[in-house]
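Open the model in your viewer and keep the selection panel at hand. Each stop below names what to select and what is there.

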Amino acid sequence: MPAINLSKAGREQSHASRVFDLAEMSLRELNQALHDLAPGSNETAWEVLHPRGSHSVAVGVDQPVAIDVRGSVGYYCGGMNDGGTITVHGSAGPGVGENMMSGQIIVKGDASQYAGATGRGGLLVIEGNASSRCGISMKGIDIVVHGNIGHMSAFMAQSGNLVVLGDAGDALGDSIYEARLFVRGKVESLGADCIAKEMRPEYLELLQGLLDRAGVTGVKAAEFKRYGSARTLYNFNIDNADAY
Amino acid sequence: MCGIVGLFLKDKSLEPQLGAMLSEMLISLSDRGPDSAGIAIYGASSNEAKITIQSAKPEHDFRGLDAELAKAIGAPVSIAAKSTHAVVRTTPAKIDEAREAIQALRPDIRIMGAGDVVEIYKEVGLPEAVVDRFGVREMTGTHGIGHTRMATESAVTTMGAHPFSTGADQCLVHNGSLSNHNNVRRELIREGMIFETENDTEVAAAYLSSQMAHGKNLGEALEGTLSDLDGFFTFVVGTKNGFGVVRDPIACKPAVMAETDQYVAFGSEYRALTKLPGIDNAKVWEPEPATVYFWEH
């Protein structure tokens, strides 16, 4: 797996970070404290200890703070994130970064189903593998997965970019709209209306930018193939009337 | 929803803690299913076979049953009652006869399961209440599976709780719902399988029992579920010396596994695994869709 250079906010382990130990405090206290942050607050560094697979860790963050979660999390970590930089030093359960608006989420381990689902913006980096339905219905988020992704990823993906350094499972990009998919390894199969597309210079440039933002080094944009919509499902075709 | 757990020990020194470990795993998933809970524990082999029975009126049904049953089958019988359940022990050769005699002597008793080593405890209520009621934390064993149920498919009753056992030392827990269970049940009934409930999961258990009765091993039987059962499922299965996991090809029901030199563990969520020894250095992964995993002692 290529070397990773963490984002600036994620790398800085502020000595003055505010520590929440979920072995002693409730998840609600943590999330409430994060939601109470006023714009411009000096409390920009947070550390969460003993998450032990808790659901909804750091959901709804709307300030540009850095949150380091020391361990694995359950469902919906960083959901709806709007500007925070959340680093999970472990693996993430289903729906990590669901409906992210902006900011960054970095998962050092693996991610379960539907990582980044419906995400509207920001960057989600999975340093391990992501399982099925990664980027389902994505609407502008950028997702970079260092390992492989499971079946039905980018189903009905509308916009944004999904970058996969490893392989993709069955039915990649089924019923895709205008999201761009870049896969470096093997694609098990493409879903309905998803096709391989030409890697034109503007896409190489876009992809290189994404790799740089995700801290990926030692991998060239030219090693990827691009996939996207054939746009044949956009309008009803009268020849298919019998199928309904 | 529903929450399922499984634990298969490789390290014998952990066997005295099996009940406690499995109980903690199941309790951590209580909010995935508040309706009923159950656990199957595979204990040590002995020269006796066991039948786990259940009654809504245990004081009435269990009293004097040992002597009556011993007389009926002509073999020694002992009964250890635990709340609404009891474990009947007798000579292995007499096990089928004992089952029939129990049903004849006490028609209200339900058979939870039978075999050389398995004991099954399940009731309506939260996992913690069920575990306390049957003293599961104190149980020793080699492997076990557990379930906490959020009912979708059939009634919230003791018999509708998991695990379901349809063959000697075989049992199964399920997260999901099957859509072709009525058809499969009809086919299995024609084969001679007996069903206690209208529950979809019992059909999956009976399907595996039938496959194994036809000579398939656990892995091959689990493979068959992928083509013969339609619906959503993550199954965790125990046999006398084996432990298996399979997820349907869509795999929308969650699953996490962990393996160390000491054990193989399954949880619907990672939360269930966090208190296991050495979990921070365990190999932790999400089982692949349509892929059979099984271990045998």
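Start with α7(B) and helix α8 (residues 218–228) of chain B, which pack at an angle of about 130° with their axes 9 Å apart. The axes are lines fitted to C-alpha atoms, for helices over the stretch in contact, and angles run from 0 to 180 degrees between N-to-C directions. Helices (H or I, at least four residues) and strands (E, at least two) are DSSP runs, numbered from the N terminus. α7(B) and α8(B) are therefore oblique to each other. Angles under 35 degrees count as roughly parallel, over 145 as roughly antiparallel, 65 to 115 as roughly perpendicular, and the rest as oblique.

Before moving on, note what is loaded. This is a predicted model: local features need pLDDT of at least 70, side-chain atom pairs count only at pLDDT 80 or more, and totals for chains, interfaces and linings use all residues. Residues are numbered from 1 along each chain as its sequence is written, while chains are lettered from A and ligands numbered from 1 in the order in which they are written.

Stay on this pair. α7(B) passes α8(B) in a right-handed crossing. A crossing is left-handed if the near helix is turned anticlockwise from the far one by less than a right angle, and right-handed if clockwise. Select A204(B), Y207(B), L208(B), Q211(B) and M212(B) in α7(B); they meet L218(B), A221(B), G224(B), T225(B) and D228(B) in α8(B). Contact here means that C-beta atoms, placed from the backbone, lie within 7 Å. The contact of α7(B) with α8(B) divides into six nonpolar, three polar and one charged residue. Ala, Val, Leu, Ile, Met, Phe, Trp, Tyr, Cys and Pro count as nonpolar, Asp, Glu, Lys and Arg as charged, and the others, Gly among them, as polar.

Next, α6(B). Helix α6 (residues 181–191) of chain B packs on helix α7 (residues 200–213) of chain B at an angle of about 45°, axes 9 Å apart. That makes α6(B) oblique to α7(B). α6(B) passes α7(B) in a left-handed crossing. Pick H181(B), V184(B), R185(B), L188(B) and E191(B) of α6(B), then D200(B), V203(B), A206(B), Y207(B) and S210(B) of α7(B); these make the contact. By class, the contact of α6(B) with α7(B) has five nonpolar, two polar and three charged residues.

Go to α3(B). Helix α3 (residues 65–73) and helix α4 (residues 95–105), both of chain B, pack at an angle of about 125° with axes 10 Å apart. α3(B) passes α4(B) in a right-handed crossing. L65(B), E68(B), L69(B), A72(B) and I73(B) of α3(B) contact E97(B), A98(B), A101(B), I102(B) and L105(B) of α4(B). The residues of the contact of α3(B) with α4(B) are eight nonpolar, no polar and two charged.

Which residues touch the most other members of the largest nonpolar core? Select V5(B), L7(B), L26(B), L172(B) and A204(B), from a core of 88 residues. Such a core is a set of buried Ala, Val, Leu, Ile, Met, Phe, Trp, Tyr and Cys residues joined through C-beta atoms within 7 Å. Buried means 20 or more other C-beta atoms within 10 Å of a residue's own, exposed 12 or fewer, and partly exposed in between, with C-beta atoms placed from the backbone. Another core lies apart from it, with 68 residues, among them Y76(A), V107(A), A130(A) and A171(A).

Switch to chain A and select Y76(A), in the loop between β3 (66–70) and β4 (82–88) of chain A. Y76(A) has a positive phi of about 60° although it is not a glycine. With 22 C-beta neighbours inside 10 Å, Y76(A) counts as buried.

Is Y114(A) buried or exposed? With 27 C-beta neighbours inside 10 Å, Y114(A) counts as buried.

Return to chain B for the last stops. S83(B) sits in the loop between β4 (77–82) and β5 (85–90) of chain B. S83(B) touches P58(B), R133(B) and F134(B), not counting residues up to four places away in sequence. Finish at P163(B), in the loop between β8 (143–149) and β9 (164–167) of chain B. The peptide bond from H162(B) to P163(B) is cis, with omega near 0°.

How values were computed. Contact = placed C-beta atoms within 7 Å.
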